[in-house]
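Let's take a walk through this protein together, one stop at a time. Have a look at the sequence and the 3D view, and then we'll start with a word you'll need along the way.

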Amino acid sequence: MQLGIDDLAFATADRYLDLADLAPVHGVDVAKYTVGLGQDRMSVCAPDEDVVTLAAAAALPLVEDLDDAGRAAIRTVLLATESGIDQSKSAGVYVHRLLDLSPSARVVELKQACYAGTSALQMALALVARNPEQKVLVICSDVARYDVGSSGEPTQGCGAVAMLVTADPRLVAIEPVSGLHTTDVMDFWRPNYRSTAVVDGRLSLRAYTDSLAGAWQDYQAQGGAALADIDAFVYHQPFTKMAVKAHAHLARVAGGPRDAEAQAAQIADTLRYNREIGNSYTASMYVGLASLLDHATEDLAGSRIGFFSYGSGSVGEFFTGVVQPGFRQHLRAEAHRRLLDDRERISHAEYLRIVAPVNPVDGGDHVLEPTTRGSFRLAAISGHQRVYERAAAADAGSAVA
Ligand code: CAA
């Protein structure tokens, strides 16, 4: 029996800042961003969006396509995020309610910087192995924020990916071998009192590639596939150039092709969506997977994909999956393209106005002006409670506290 990703969709904010509008503010040539970092745009959340609204929007089409028995089979929801909205309650519980899932379910939130989505996927596979009748809804959702004016600012972004993990998956069967690497390093972190990350940029690049080398060595020690037997590679993409650097590093340590063109061909399709969205932390590698599947020009069926998931701090994991026959019929490529094309370009002044998270601490009644055109929104923060609602066009009056 094969286990893996049966369905996948992503969501992002409905407005973006073009990095051509940020470069002059930083006093740099835009090529530093478009070529040096490999980023063109960053999605920017409206004040009434957060990881809950993004997560619910990503998962909605998956849940809507299930019949009653299929929905009831979702007995676990795992939500991975770096940018959670509560120290105690899982963001997934709000999402579970917004999606009207069965109460006969367990819901938890997982955290380890950008890596936690992969741990959610592995836990989901273990649960499905134990009971193949069950489906696990894995959601990775993040809003990536650095200080305004910092070197990390052009790599910001936001997005969520929802994946249905099942037996006999229609998209990608995940293979059992994993290479793991954990080491205590202060490359990127966010203390409880901060809404933006603290980062040692130079160290973070080295920590990422060291983690990749360590995870690859462990993957080999565990009996993983040879590099030559892996057809495409999907990396965590804090900015897409990082995947290019990582793939060159893997080629050096594992004896892969040294030719830059050959290397580029193995990752090119995975970079397209992230260039337009920016960093989405836990979601970014899985946005890369969506990008690969949606843009594949030749039939990828039967191809082995290598994944490297990295979370600063740090944990890295290298694993593989095999694309399933008929996968094309189950893609959401058109919806993904529409989502990105329909976003509104905002000015730098508007970006500055909305980028700070809404975070009142007084327990008062704070009603948020409707801004996002997304399927779900944060309507108010009232008496310390976040009040979410489904957008009127989709379903009037399903406010949830
Ligand atoms: N035309 C073309 N390229 C240009 C250019 C121009 N006019 N000007 C500069 N460049 C190139 C530089 O040569 C450089 O490329 P190389 O690294 O290939 O040499 C690239 O643009 C970036 O320039 P700098 O290194 O000078 O950029 P910086 O120091 O201002 O910032 C950064 C880069 C450190 C990555 C910063 O964006 C940052 O701190 N980002 C956040 C941290 C991060 O993403 N780390 C990644 C690993 S950690 C991780 O993966 C977890 C996570 O999600 C955060």
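When we say two residues are in contact, we mean that heavy atoms of theirs lie within 4.5 Å. Keep in mind that you're looking at a predicted model, where local features need pLDDT of at least 70 and side-chain atom pairs count only at pLDDT 80 or more, while totals for chains, interfaces and linings use all residues. Residues are numbered from 1 along each chain as its sequence is written, and side-chain values use heavy atoms, with hydrogens and water left out.

Let's begin with the overall layout. Where they meet, 57 residues of domain 1 are in contact with 46 residues of domain 2.

Now, where does the ligand sit relative to domain 1 and domain 2? Both domains give residues to the shell around the ligand, so it lies between them. That shell holds 26 residues, and the closest are Lys 32, Arg 202, Ser 204, His 236 and Lys 245. Sorted by class, you get twelve nonpolar, nine polar and five charged residues. In this sorting, Ala, Val, Leu, Ile, Met, Phe, Trp, Tyr, Cys and Pro are nonpolar, Asp, Glu, Lys and Arg are charged, and the others, Gly among them, are polar.

Zoom in on some polar contacts, meaning pairs of N or O atoms within 3.5 Å (within protein, one atom must be able to donate a hydrogen and the other to accept it, and residues adjacent in sequence count only if both atoms are side-chain atoms). A polar side-chain atom of Lys 32 is 2.8 Å from a ligand oxygen. For Arg 202, a side-chain N or O atom lies 2.4 Å from an oxygen atom of the ligand, and for Asn 279 the corresponding distance is 3.0 Å. On its own, the ligand has 1,100 Å² of accessible area, and the protein covers 73% of that; such areas come from the Shrake-Rupley method with a 1.4 Å probe, and for residues only the protein chains shown count as cover. Helix 2 (31-37), helix 7 (201-221) and helix 8 (240-254) are the elements that give two or more residues to the shell. Helices (H or I, at least four residues) and strands (E, at least two) are DSSP runs, numbered from the N terminus.

Gln 156 belongs to the loop between strand 6 and strand 7. Is Gln 156 buried or exposed? Its relative accessible area is 3%, so Gln 156 is buried; buried means under 20%, exposed over 50%, and partly exposed in between, using a 1.4 Å probe and protein chains only. Leaving aside neighbours within four places in sequence, Gln 156 is in contact with residues including Met 42, Tyr 146, Asn 279 and Tyr 351. A polar atom of the Gln 156 side chain lies 3.0 Å from the backbone nitrogen of Tyr 146, and the side chains of Gln 156 and Tyr 351 make a polar contact at 3.0 Å.

Next up is helix 5 (residues 91-98). Six of its eight residues are buried, so helix 5 is largely enclosed by the rest of the structure. Those buried residues are Ala 91, Gly 92, Tyr 94, Val 95, His 96 and Leu 98. They pack against several elements, among them helix 3 (51-64) and strand 4 (74-80). At the start of helix 5, a side-chain oxygen of Ser 90 comes within 2.9 Å of the backbone nitrogen of Gly 92. Just after helix 5, Asp 100 has a positive phi of about 55°.

Our last stop is strand 7 (residues 157-167), where you'll find Thr 166. Thr 166 is buried, at 4% relative accessible area. Beyond its neighbours within four places in sequence, Thr 166 is in contact with Gln 2, Leu 3, Gly 4, Asp 6, Val 128 and Lys 135. In the loop between strand 7 and strand 8 (172-182) sits Asp 168, which has a positive phi of about 45° although it isn't a glycine. Asp 168 counts as exposed, at 58% relative accessibility.

Definitions and conventions:
A residue is near a molecule or strand if one of its heavy atoms lies within 4 Å of it. Domain bounds come from an automatic or database domain assignment.
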